[in-house]
Amino acid sequence: MEEFEKSISFDGRDIRLKVGVLAPQAGGSVMIQSGDTAVLVTATRSQGREGIDFLPLTVDYEERLYAAGRIPGGILRREGRPPEKATLTSRLIDRPMRPLFPSWLRDDLQIIAATLSVDEQVPPDVLAVTGASIATLLAKIPFKGPMAAVRVGLVGDDFIINPTYAEIVAGDLDLVVAGSPDGVIMVEAGANQLPEQDIIEAIEFGYEAVQDLIQAQLDLIEELGIEIVKEEPPEVDTTLEKYITDRAKDGIKKVLSQFDFTKAERDDALDLIKEKISAEIEELSEEDPIRVAATENSKALGNTFKGITKKLMRRQIVEDEVRVDGRKLDEVRPVSCQVNLLPKRVHGSGLFNRGLTQVLSICTLGTPGDAQNLNDDLRPDQQKHYLHHYNFPPYSVGETKPLRPPGRREIGHGALAERAILPVLPPRNEFPYVLRVVSEVLSSNGSTSMGSVCGSTLALMDAGVPIQKPVSGAAMGLIREDEEVRVLTDIQGIEDFLGDMDFKVAGTDTGITALQMDMKITGLSLEIVAQAVNQAKSARLHILEKMLACIEKPREEMSPFAPRLLSIKIDPDMIGLVIGPGGKTIKGITEETGATVDIEDDGTVTIAALDEGKAKKARFIIQSMTRKLNEGDVYVGRVTRIIPIGAFVEFLPGKEGMIHISQLADYRVGKVEDEVAVSDEVIVKVREIDNKGRINLTRLGIHPEQAAAAREAAANA
């Protein structure tokens, strides 16, 4: 392909596309750039593998630290396991792309986005999403696109498209909208308790910009003489499908209408129907076309059975407006909550149950030194002070499989719950703890990520974290059959699996804090998106009411095993004094008091200890070391050494001055030893601080009230 460049301008910002230059052997490639942020995106198609009955799509987002002019740390000095942000961006690309490929496509597809350059203005993630659509079109892969994504920020009262990092931090909204010509296909958002109407307007604002990017892609491929590929699906012999349908349909319909069935009973009943049909096929002669077809395609029975179940469940919801568990479309499953479930060695715990979904969240309070450093990715952020981790063991769905490190799903769900909680956390200058919440999914039947939000709110309140407001969440679903659309509240597993949408909404009674919408269809109108957002509000408030009945507000007392933090501010110029050469001074404070000390570049000192008395002692030492001395100040000190002309006295930790022999008494002193000895406690006053910083002390002219005040201050220290 010849080199070709195109520039797209909207909302005062340019996006530049360059094709035909890089990665010539990839199926399709584009370098998409805005500012100094440039992302290379490729899409490649390989011949399908034997026995594959799903779309084998792989999406990877790669970060290289050279993009920001940095060299990786570690022994190898090269990038290793993808950082969390890279994994989340891979998901961000995958989620709007996957529904746009034909359901019958079985070829291996791979989309790789690599950030080649990054500035501190333009985040690369939304560029990568749009680039994936362009690369797929250039690769001539069957695709129901184009698709594009933009980020929407809210600064003041104004929405802006593709805000800078600084604008995202300063604003109240970080929303990514992806869309196709058919409508909105993905939404990802964090918000500062914004009302539903503001969120709906932001999605609409973003989708208008998406349309401009879609048109730009259409113009690009027209200028290049490329047509959107629309391959016809392969012909399939429906004889086996009809055989299975005729024998399974009535039984499945009956099972789906047994509203008193538990999930396990429903699954067992459906498995019995499937096993009966399988046994019938086994009894047919080996030459029978039905048995031959079933033998050639071992997955045909399961796939057909799933298809029938999907059709009948969806028809039941659309026509009868009743779900497989008998609930109305807007009804939430039974909710129960519990806090203080675990011993207080655990700083806070919350158990959240909604139907058969059960999540146990545990909160741990840490010191500033426990913050997560983010120097392994390209974000300008330096540290994370709130960590949310999500675990999904196989027993939660009654399965057995090897335990593995967290995958993309676990990372994505943890990030969503983290985003939902962040807006209500107390300011760090008021509550300097680093917080980690771990959500253990103990049982799953839909919407475990929103269960994690609810459980985590309970755990934080149980731990005594003064959150601004409690957060709850609910997952919304969708069934669309032709022109008929039904929005479902609080979807369970089968409705997520066989439905068209998974729309998670979290927030407080004031407004929304997080959104995540994924589609299995090619787009959704803004009217239906608005309906889902508004319908979720009543579900959130209902769940929130149940949570507040369990614990009304954060506990005033923390676990006795949680560290006690004290925070002070010192002059940044004195940081070196507190640390000491090679960290000697700060290590000495830790050894003497048993408290840990963290110092930030702005002079914020955080002291942590399980015993508050130890923390106070360390605080006194640091305050004393960094205190500005004034002539006339009176202290209680202790004699450290004696020389012929006077005595040295340590009157504050790390602060020592000398009393000249003439200042020991109001009469002539023959020998210093006649008045004081080493280790004696003495009351001293700062007489002067000379131009070399030496402190001269005196025992003369001290008023009894000053002496009493000094003794009281020393006793309290």
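**A buried threonine and the elements beyond**

Guide: The model is predicted. Within it, T309 is located in helix α8, which spans residues 300-320. Is this threonine buried or exposed? T309 has a relative accessible area of 7%, under the 20% limit, and therefore counts as buried. Its side chain has a polar atom 2.9 Å from the backbone oxygen of F305. Beyond the neighbours within four places in sequence, T309 is in contact with I252, L256 and L498.

Helix α5 covers residues 239-256, and it also packs against another helix. The axes of α5 and α7 (residues 289-296) come within 9 Å and cross at roughly 105°, so α5 is roughly perpendicular to α7. On the α5 side the contact is made by T239, L240 and Y243, which meet I290, A293 and A294 of α7. Sorted by class, this contact holds 5 nonpolar residues, 1 polar residue and no charged ones.

T513 belongs to strand β21, residues 512-519. With a relative accessible area of 0%, T513 is buried. The side chain of T513 reaches the backbone oxygen of A420 at 2.9 Å. Its contacts, leaving aside neighbours within four places in sequence, include A189, G190, A191, Q193, R419, V471 and A506.

β21 is part of an open sheet of 8 strands, ordered β8-β7-β9-β10-β21-β20-β18-β19 with antiparallel pairing. At its edges are β8 (158-161) and β19 (484-489), each of which pairs on one side only. On average, neighbouring strands here are turned by 20° against each other, direction ignored. Between β20 (residues 501-507) and β21 the antiparallel pairing extends over 7 bridges, and A506 stands opposite A514 of β21. Helix α1 (residues 84-97) packs on this sheet and touches β9 (173-180), β10 (183-194) and β21, its direction making about 135° with that of β10. Helix α2 (residues 125-138) lies across β7 (148-155) and β9, and runs at about 155° to β7.

Strands β23 (residues 596-599) and β24 (residues 604-609) run antiparallel and are joined by 4 bridges; D598 has T606 in β24 as its bridge partner. The two strands form a hairpin with 4 residues between them, and G603 in the turn has a positive phi of about 95°.

Terms used:
Residues numbered from 1 in each chain as written. Predicted model: local features only at pLDDT ≥ 70, side-chain atom pairs only at ≥ 80, totals over all residues. Heavy atoms only, no water. Axes fitted to C-alpha atoms, helices over the stretch in contact; angles between N-to-C directions. Parallel < 35°, antiparallel > 145°, perpendicular 65-115°, else oblique. Contact = heavy atoms within 4.5 Å. Nonpolar A, V, L, I, M, F, W, Y, C, P; charged D, E, K, R; others polar. Buried < 20%, exposed > 50% of the residue type's maximum accessible area, 1.4 Å probe, protein only. Polar contact = N/O pair within 3.5 Å; in protein donor to acceptor, adjacent residues only side chain to side chain. Pairing = 2+ DSSP bridges.
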